[in-house]
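Subject: Handover of a structure and findings

Dear colleague,

Please find the structure below, together with its sequence.

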Amino acid sequence: MLVIFDSDAALHDGVIATETTATAFRDDGAVAWGPVSVNGGMSDLGLITVEMLGGALTDEPASGTALSPRTGEALDLPDTERPAYAHGGLLASNTPTGVAVRDAAADGAPLLWKSEPEAPPGASGPARVAADSTIPAGDILVLEWPTADGVQFTAHRFDNGALLAILPGTPAARTLSTPAEDIVFFTTDTPTGRTVVAVSPSLGELWQDEVPSASQPVSATTGSVWFTASSGYMRRDVDAAAFVDDAGPAPALALRSGAVLMATTRATEFTLAPSP
């Protein structure tokens, strides 16, 4: 489903928006719902709108409103729940006692699970959604917990809260996933370097591997993940034992069909190629 926001703003004339609407389209292009009037603009964290305070950016956190993926209407949530991340019809909200996850696509958005029973060893307070826009990972929800040694990050199944992995260190770069989102690759920084952690929503942690501290995630296909190296790239096949040097080029993006986009010598042009 694709959701498009529109407003009556005319930035070139200095006119700010007084009304914003959202319309959802199915894969075949048909309208699923909308247009419906919404409160503010789309966030980077799923079907959650964010209202800019006073019509401008401020240092204060803006209020967020979660929309129903079925109807587009604002969900009627308890006052203690603050929407933080939405994906695949599920919604995670921060509360004073931890994180609450609801089925946002069902009537009444019923509660599915709370974070308290899933606390890792050493947790000293309630969890929060790790909702930096580079961290969310589809069907895996990342939570952060206070501990005596600092913040601990954990990866959970979004639908039932099952603990999949305790991430070493702190997430430090954007998360990658295979096109089908059946394997997610987290990049974390630890006191000893940079680590890549492969996690499956169905199988849990698959492996951890060290990469140079300056390496950055590039892309992931059905069978491999690429990172930058001092010269060229590093590639690890998902069922291999370690990263290996790869002269490249690495795919810029992998599609669900298995095809990949490859960069060309022109910054705005790409070629479509079969899966490597």
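Arg-70 forms a salt bridge with Asp-107, with 2.4 Å between the closest N and O atoms; a salt bridge here is a side-chain nitrogen of Lys or Arg within 4 Å of a carboxyl oxygen of Asp or Glu. This pair links distant parts of the chain, 37 residues apart: Arg-70 is in the loop between strand 6 (64–66) and strand 7, and Asp-107 is in the loop between strand 9 (98–103) and strand 10 (111–114). Strands are DSSP runs (E, at least two residues), numbered from the N terminus. Arg-70 is partly exposed, with a relative accessible area of 44%, and Asp-107 is exposed at 64%. The classes are buried for under 20% relative accessible area, exposed for over 50%, and partly exposed in between (1.4 Å probe, protein chains only).

The model is predicted: local features need pLDDT of at least 70, side-chain atom pairs count only at pLDDT 80 or more, and totals for chains, interfaces and linings use all residues. Residues are numbered from 1 along each chain as its sequence is written, and side-chain values use heavy atoms, with hydrogens and water left out.

Salt bridges

The count comes to eight salt bridges. One of them joins Glu-269 and Arg-266, whose closest N and O atoms are 3.3 Å apart. Glu-269 is partly exposed at 36% relative accessibility, whereas Arg-266 is exposed at 55%.

Another joins Arg-235 and Asp-246, at 2.7 Å between the closest N and O atoms. Arg-235 lies in strand 22 and Asp-246 in strand 23, so the pair ties together parts that are eleven residues apart in sequence. Arg-235 is partly exposed at 22% relative accessibility, while Asp-246 is buried at 15%. Together with Asp-237, these two residues are linked in a network of salt bridges.

Asp-246 in strand 23 is the bridge partner of Tyr-233. Both strands belong to an open sheet of four strands in the order 20-21-22-23, with antiparallel pairing. Strand 20 (217–220) and strand 23 (244–246) stand at the edges with a single partner strand each, so one side of each is left without a neighbour in the sheet.

Aromatic contacts

There are four aromatic pairs by the rule applied: rings of Phe, Tyr and Trp (its six-membered ring) pair if their centres lie within 6.5 Å, and planes under 30 degrees apart count as stacked, over 60 as edge-to-face and the rest as tilted. The ring centres of Tyr-85 and Phe-158 are 5.6 Å apart and the planes are at 10°, so this pair is stacked. Tyr-85 lies in strand 7 (residues 82–87) and Phe-158 in the loop between strand 13 (150–157) and strand 14 (163–167), so the pair ties together parts that are 73 residues apart in sequence. Tyr-85 is buried, at 6% relative accessible area, and Phe-158 is buried at 1%.

Phe-185 and Trp-207 have ring centres 6.0 Å apart and planes at 45°, so that pair is tilted. Phe-185, Trp-207, Phe-227 and Phe-243 form one aromatic cluster.

Yours sincerely

Key:
Pairing = 2+ DSSP bridges.
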